[in-house]
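Dear colleague,

Here is the structure for your files. My notes on it follow below.

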Amino acid sequence: MEVHFQEEILMDILNRLHVQSLLRFKCVSNFWKTLISGPYFKMKHLKHAKNDENFQKFLICQLCPEDGIYSVYCCPLTLVQRAEDVRKLDCPSDSKLWYCSISCCYDGLAIIEVCDSTVDKHHILVLWNPSTGESIVLPDPEFPPKGVACLGLGYDSTSRDYKIFKVDEKKENGRKVPSEILALKSGSWRKIDKHPRDIRNELFGTHSLAFVHGAFHWVGISRNYFVVSFNISNEVYREIPLPEQIFLLNIGVSILEEMLCVYSTYDFLWENTFKLWVLKDYGGNKYWDALFTVGDPRIYKVVPKYRFADGEVQFWSMGFDGQSFRTSRGPFGLWPRADSFQKGFAFTESLISLKLLT
């Protein structure tokens, strides 16, 4: 016997389901397929997923030492992980990946740098939805990321377009590499005017550009260190002072619970200490609030990744015994330590279709 629901009730029920279930349920009927595929439902589902820990996943690349091939895995972001929860994803490539690195994640989308050939060794940037498997190859920037460079992905509410921003730390032929931006609707990169002051980008302690309140953020230095802010709507630079107590070594920026964070790792009397601050009142009287401190003599570089509902912070650490993911309670993650550089990113399940963005 068929049971019919009002569209509002049906949408509320489907809105609480995971992406893999919704993709299967598109086969129930043409009405369900149209409803789930519609842009309104996709944005409604994303909004719900952002506020539900059950929709938060952790994405990581892993190099297999036997054949030298990269694979991508994801698992739920929970403090208690089980091996059966780790899922190997189909990589967005028709052949084996000889190189793969996750650059950033936003709204359930990931930018990954891949190379599937040992001959030309040409690296390409791919925009990928790990939940649906859909992907598109991005055009090559004029200055491809080399060495210490960071990418960021964000949504411009003014133009209603996703934008990708690239910042480099190194110089090319003695000249500073200009920043570049790609609006998905335009399909091409363009150079961005440099900062009004002659600054150097300090990216060693950052895995990706932090995007919040319509702007990308990273650490820069002129006469002093500060957080650089670049608004993607009006393309205006601003500067945010760092906490007075921060130690200017291995510093970086990140986003935790939609808040801008800065952090540093420093060595004092052979006790390495990681400290994390969050920026309160972003648009008003900005002030930094100390949030988290971890002391461990084995670590010398730390990058925060995610904050759980109970306040616990998951972070990536580089130490004298290799890389690891951990919390203050101990190791986090079921992946073995590896010589390959693996950043790992938290992402939200999303139905966003890449074909509709370009």
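**Asp168 and its surroundings**

In this predicted model, the side chains of Asp168 and Lys166 are joined by a polar contact of 2.5 Å. Asp168 belongs to strand β9, which covers residues 161–168. Its relative accessibility is 3%, so Asp168 counts as buried, the cut-off for that class being under 20%.

Leaving out residues up to four places away in sequence, Asp168 touches Phe143, Pro145, Lys146, Val148, Ala149, Val177, Asn201 and Leu203.

**The protein as a whole**

The secondary structure consists of 4 helices and 27 strands. Among contacts with a separation of 6 or more, 48% are between residues 24 or more positions apart.

On overall dimensions, the C-alpha atoms fill a box of roughly 70 × 55 × 45 Å along the principal axes. The radius of gyration is 21 Å; a compact globule of 358 residues would have a value near 21 Å, so the two agree.

How much of the protein counts as buried? The share is 50% of the 358 residues, and Asp168 is one of the buried residues. The accessible surface comes to about 18300 Å², and carbon and sulfur atoms supply 51% of that surface.

As for charge, the protein carries 42 positive and 43 negative side chains. The centres of these two sets lie 3 Å apart.

Regards

Key. Residues are numbered from 1 along each chain as its sequence is written. This is a predicted model: local features need pLDDT of at least 70, side-chain atom pairs count only at pLDDT 80 or more; totals for chains, interfaces and linings use all residues. Side-chain values use heavy atoms; hydrogens and water are left out. Helices (H or I, at least four residues) and strands (E, at least two) are DSSP runs, numbered from the N terminus. Buried means under 20% relative accessible area, exposed over 50%, partly exposed in between (1.4 Å probe, protein chains only). A polar contact is a pair of N or O atoms within 3.5 Å; within protein, one must be able to donate a hydrogen and the other to accept it, and residues adjacent in sequence count only if both atoms are side-chain atoms. Contact means heavy atoms within 4.5 Å. The radius of gyration is taken over C-alpha atoms; the globule rule is 2.2 Å times the number of residues to the power 0.38. Accessible areas come from the Shrake-Rupley method with a 1.4 Å probe; for residues, only the protein chains shown count as cover. Lys and Arg count as positive and Asp and Glu as negative; His and the chain ends are not counted. The place of a charge is taken as NZ of Lys, CZ of Arg, CG of Asp or CD of Glu.
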